[in-house]
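The following exercises are intended for study alongside the sequence and the three-dimensional structure.

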Amino acid sequence: MPSTPASTDPLEILLEVFGYTAFRGPQEAIVDHVVGGGDALVLMPTGGGKSLCYQVPAIARQRAGQGVAIVVSPLIALMHDQVGALHEAGVNAAFLNSTLDWSETQDVERRLARAEITLLYAAPERVTTPRFLELLDSLAARNKLSLFAIDEAHCVSQWGHDFRPEYRALTVLHERYAGVPRIALTATADALTRADIVERLQLEEARQFVSSFDRPNIRYTIVEKKDATTQLLRFIEREHEGDAGVVYCQSRKRVEDVALALQDAGINALPYHAGLDASVRQKHQNRFLREDGIVVVATIAFGMGIDKPDVRFVAHLDMPKNIEGYYQETGRGGRDGEPADAWMVYGLQDVVNQRRMIDESPAAEDFKQVMRGKLDALLSLAEASDCRRVRLLAYFGEHSTPCGNCDNCITPPQVWDGTDAARKLLSTVYRVQQQSGISFGAGHVMDILRGKETEKVKQFGHERVSTFGIGSEFSEAQLRGVLRQLIAIGALAVDAEAFNTLRLTDGSRAVLKGEASVSLRESVSSAAPRKAKREK
Ligand code: ADP
Ligand code: ZN
């Protein structure tokens, strides 16, 4: 026992226990607020330093005789890491989860009852059991509950990317122990998720601490998908030879194929998806963490809790579901602060697939509506011709100015007005449907518009459609861009049940009537052959 009482000053605790000389960003304000007994909602990107925001207050309050802090965390691996690190720093921390046997559990519970623990980590489903609440009751009765920290707070929201129903029951903490301060923390939360966290966890009175979500060292690039694997190979060869990276694909099959293609090209690539044996997954993950220059090709099963500082690129060969997913996955690059690339190829099929997945999901209609809105936000990020970062941050409620470190800032894309092309396309879809009584796919519709007398055109007599050839000035790539945008804004639908044929929607009318304009980025490769024509 030291002869002088341990300090309750946050800055002294920071130095003495953690060895850091200064708080980072908003940490100090958050710590002061919580030490003072206030509730807080903390939004901070991964790596921002959330843990100290509750660890320092927990130590300060424990030293002031205010007892035990309860940390709710959904990730067992993370609990173990944190408790291990706290032990090394001489802090009395423990966890309660399914990895403990009966006697170990007993032991922790006994120490908890005596308020001998400074920080207790527990899974949400554990915290809300009658048995655990009884323990908390007894601590509360003696004023020995110092605070509740609710980590990964977005798990309470079904709009978050990782909904966990157990989190809903955490409202009991506020209802039962109203006087105990609560701090909820998350690294992802758009406005909707944030509002949901506040409501579900009854944090209306909590002060919100919102850090910038900007990751300035990450360069965002989104290019049109042609041959994704070849594009990826070229990207790696040109910019990331020998670098560690993660390549995200949607399906297991594609993960396997892409990993093989990379290996064939001499790249140190390993597949990772839920269909592989746990031992194989573990082996690949370990090699990625320990060896240099490994590229993991993975489904989104890969990444949660993986903290490798020198990942130099994150590539998406298929589009994620929404901006949170994109931000989370790209955020795994460049944690060391050195330059990293977030590179994605994106095409018509991505739009169609993602829309279909929502349409075909068994979820309730209002839920699907929200998911569509989130997808739309990602689509407009992909189609954007202005700064990607400005748009990304705006999605998280942050205002910023053009970054100079994204594809659109570095090489501003040519933009052309696709309104006329869009109208011609929609009226062609309408007219062939009128004439033939059935719908047709994108390729055929584009052939008609561009005046190509293919076998199919002749077979259906579509050279007689009044829009035949009126779009001959547009390249196929340009029309594909228009199609993609029309589908992205819901002005055109692809009917998966009917051979991917196109059909008009309620949203088509505004475009047809010229009330909605369509502005398009010129895709790099399609620009070349037609450039001369447009420039004069
Ligand atoms: P998060 O939970 O927000 O992802 P962590 O709490 O794990 O972030 O912190 C990320 C890293 O930053 C850790 O290695 C942590 O020790 C370090 N860190 C946090 N705060 C500070 C600080 N004030 N000074 C120095 N290092 C810090
Ligand atoms: Zn930019």
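**The chain as a whole**

Residues 24 or more positions apart account for 73% of the contacts in the chain with a separation of 6 or more, two residues being in contact if their C-beta atoms, placed from the backbone, lie within 7 Å. This is a predicted model, in which local features need pLDDT of at least 70 and side-chain atom pairs count only at pLDDT 80 or more, while totals for chains, interfaces and linings use all residues. Residues are numbered from 1 along each chain as its sequence is written, and chains are lettered from A and ligands numbered from 1 in the order in which they are written.

The C-alpha trace spans about 95 × 50 × 45 Å along its principal axes. The chain has 23 helices and 17 strands; helices (H or I, at least four residues) and strands (E, at least two) are DSSP runs, numbered from the N terminus.

**Exercise 1.** Determine how helix H2 is placed against helix H3.

*Solution.* Step 1: H2 (residues 27-35) and H3 (residues 51-63) pack at an angle of about 40°, and their axes are 9 Å apart. Axes are lines fitted to C-alpha atoms, for helices over the stretch in contact, and angles run from 0 to 180 degrees between N-to-C directions.

Step 1: This angle makes H2 oblique to H3. Angles under 35 degrees count as roughly parallel, over 145 as roughly antiparallel, 65 to 115 as roughly perpendicular and the rest as oblique.

Step 2: H2 contributes Gln 27, Ile 30, Val 31, Val 34 and Val 35 to the contact, and H3 contributes Leu 52, Cys 53, Tyr 54, Val 56, Pro 57, Ala 60 and Arg 61.

Step 3: The residues of this contact of H2 with H3 comprise ten nonpolar, one polar and one charged. Here Ala, Val, Leu, Ile, Met, Phe, Trp, Tyr, Cys and Pro count as nonpolar, Asp, Glu, Lys and Arg as charged, and the others, Gly among them, as polar.

**Exercise 2.** Repeat the analysis for helices H18 and H21.

*Solution.* Step 1: The axes of H18 (residues 419-436) and H21 (residues 476-488) come within 10 Å and cross at roughly 80°.

Step 1: The two helices H18 and H21 are therefore roughly perpendicular to each other.

Step 2: Ala 421, Ala 422 and Leu 425 of H18 meet Gln 478, Leu 479, Val 482, Leu 483 and Leu 486 of H21 in the contact.

Step 3: This contact of H18 with H21 has seven nonpolar residues, one polar and no charged.

**Exercise 3.** Which residues are around ligand 1?

*Solution.* Step 1: Among them are Tyr 20, Phe 23, Arg 24, Gln 27, Lys 50 and Leu 52, a residue being near a molecule if its C-beta atom, placed from the backbone, lies within 6 Å of it.

Step 1: The shell around ligand 1 divides into four nonpolar, six polar and two charged residues.

**Exercise 4.** Is Glu 152 buried or exposed?

*Solution.* Step 1: Glu 152 lies in the loop between strand S5 (145-150) and helix H8 (171-176).

Step 1: Glu 152 is buried, because 22 other C-beta atoms lie within 10 Å. A residue is buried if 20 or more other C-beta atoms lie within 10 Å of its own, exposed if 12 or fewer, and partly exposed in between, with C-beta atoms placed from the backbone.

Step 2: Phi of Glu 152 is near 50°, a positive value in a residue other than glycine. Most residues other than glycine have a negative phi.
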